[in-house]
Amino acid sequence: MKTFNELIALAKEYARKVKNKNTILYDPIFRIEDGNLCLEYLIVEFNDEFNNDYRIKRPIEWFTQDILSGEILNYYNVNDKDYSLLPLGKLFDNNGESILYDQSNDITRSFQKWQKDIIKQIKEEYENSNNLLYDEKVMKIENTIISPKEYILSNIDSIFEKMFNMLFEDMGNVISDSYNEYFESLFNEIRNKYINDKIIDKRLIKQYMNFLKYSWPESLDLFNNCTNIKEINDEGYDNAIIQMLEDKKLKRVIENPGIFPVEMQIDNNCTESVINKKEGSGDE
């Protein structure tokens with residue numbers, strides 16, 4: 001019996017061979033085919049008709065996989081068999097929004113602010129220092145004799161840059177590892193219930209699908225219409241996803257007034273108007 005990650009690796013290799021190039025797949029989705037629970041994969045394609053348009057096309061190619069062996073069961077084009085009733089030309093935003101990485105982005109911004117403040121403080125302290133111990137040239141760096149003060153002032157930016165890179169790399173690894181562990185644990189629960197108890201646990205599948213939306217929130221509508229297992233959509237969770245995307249969009253508009261839609265560019269107080277509209281939306 002293949003592990004969750006082994007199943008995904010087999011699916012990616014199969015898609016690469018079929019398309020004769022590296023491909024992007026959404027995470028596997030549960031589906032019932034011929035009475036059996038299996039995995040469904042959608043092949044991601046970008047909208048390349050316009051330059052710099054990174055919206056995702058509604059996938060038109062998809063395939064199913066055995067949840068035990070990883071064997072590919074069937075490969076389809078939507079013209080032969082469709083997984084959804086969504087319009088074929090529908091596009092989905094791909095701005096990289098993800099609840100998953102919100103906290104890491106907050107940590108990054110906080111670190112960068114702290115980094116800027118501490119570098120300024122250290123530079124001011126050393127530049128204003130008259131301590132001979134700092135000024136004496138006692139360090140040899142690449143055949144140049146310099147003082148501790150000169151070393152600190154010339155290297156502090158690169159030192160903190162290294163610290164930031166280490167933080168970012170470690171943080172990314174921790175987030176990715178925890179994501180994979182949780183996703184795999186959900187998959188194993190669903191598969192074990194199906195194998196051992198002969199139960200298709202829709203509660204667990206709903207939880208699995210919610211986590212998928214957590215990772216790809218801009219494709220919410222796609223995920224709600226890509227499986228034939230009923231009663232797994234979560235309206236409350238979906239509304240929270242939609243609100244999160246709207247809040248993020250509003251924040252970007254406020255921080256970058258030049259991207260305001262024409263109807264918002266009425267006067268110089270457009271940002272304030274949008275904020276007031278947002279805050280007062282519940283009073284109508």
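A residue is called buried under 20% relative accessible area, exposed over 50% and partly exposed in between, using a 1.4 Å probe and protein chains only. By that rule F30 and F187 are both buried. This is a predicted model, in which local features need pLDDT of at least 70, side-chain atom pairs count only at pLDDT 80 or more, and totals for chains, interfaces and linings use all residues. Residues are numbered from 1 along each chain as its sequence is written, and side-chain values use heavy atoms, with hydrogens and water left out.

**Overall make-up**

- The chain holds 8 helices and 9 strands; these are DSSP runs numbered from the N terminus, with helices being H or I of at least four residues and strands E of at least two.
- Of the 284 residues in the chain, 34% are buried.
- Contact means heavy atoms within 4.5 Å; among contacts between residues at least 6 apart in sequence, 60% join residues at least 24 apart.

**Confidence**

- The mean pLDDT (the predictor's confidence in each residue, from 0 to 100) is 82 for the chain, and 83% of the residues score at least 70.
- Where pLDDT is low, the predicted coordinates should not be read in detail.

**Aromatic rings and charge**

- Rings of Phe, Tyr and Trp (its six-membered ring) pair if their centres lie within 6.5 Å; planes under 30 degrees apart count as stacked, over 60 as edge-to-face and the rest as tilted.
- The count by this rule is 20 aromatic pairs.
- One of them is F30 with F187, which is stacked because the ring centres are 5.9 Å apart and the planes are at 20°.
- This pair links distant parts of the chain, with F30 in strand β2 (residues 29-33) and F187 in helix α4, 157 residues apart.
- Both rings belong to a cluster linked by ring pairs, made up of F4, F30, Y179, Y182, F183, F187, Y208, F211 and Y214.
- The charged end of R58 sits over the ring of Y83, 4.9 Å from its centre; the rule asks for NZ of Lys or CZ of Arg within 6 Å of the ring centre and within 35 degrees of the ring normal.

- Strands pair if DSSP finds at least two bridges between them; β2 and strand β3 (residues 36-44) run antiparallel and are joined by 5 bridges.
- I32 has L37 in β3 as its bridge partner.
- The hairpin has 2 residues between the strands, and D34 takes a positive phi near 55°.
- In β2, 4 of the 5 residues are buried.

**Loop residues**

- S147, in the loop between β9 (144-146) and α4 (148-196), counts as buried because its relative accessibility is 2%.
- Beyond four places in sequence, S147 is in contact with Y134, D135, E136, K137, V138 and M139.
- L85 lies in the loop between β6 (72-77) and β7 (91-92) and is exposed, with a relative accessible area of 86%.
- Not counting residues up to four places away in sequence, L85 touches R58 and N225.
- The C-alpha atoms of L85 and N225 are separated by 7.0 Å, although the residues are 140 apart along the chain.

**Cysteines**

- The model has 0 disulfides, a disulfide being a pair of cysteine sulfur atoms within 2.5 Å.
- C38 is buried at a relative accessible area of 2%, and C226 is buried at 0%.
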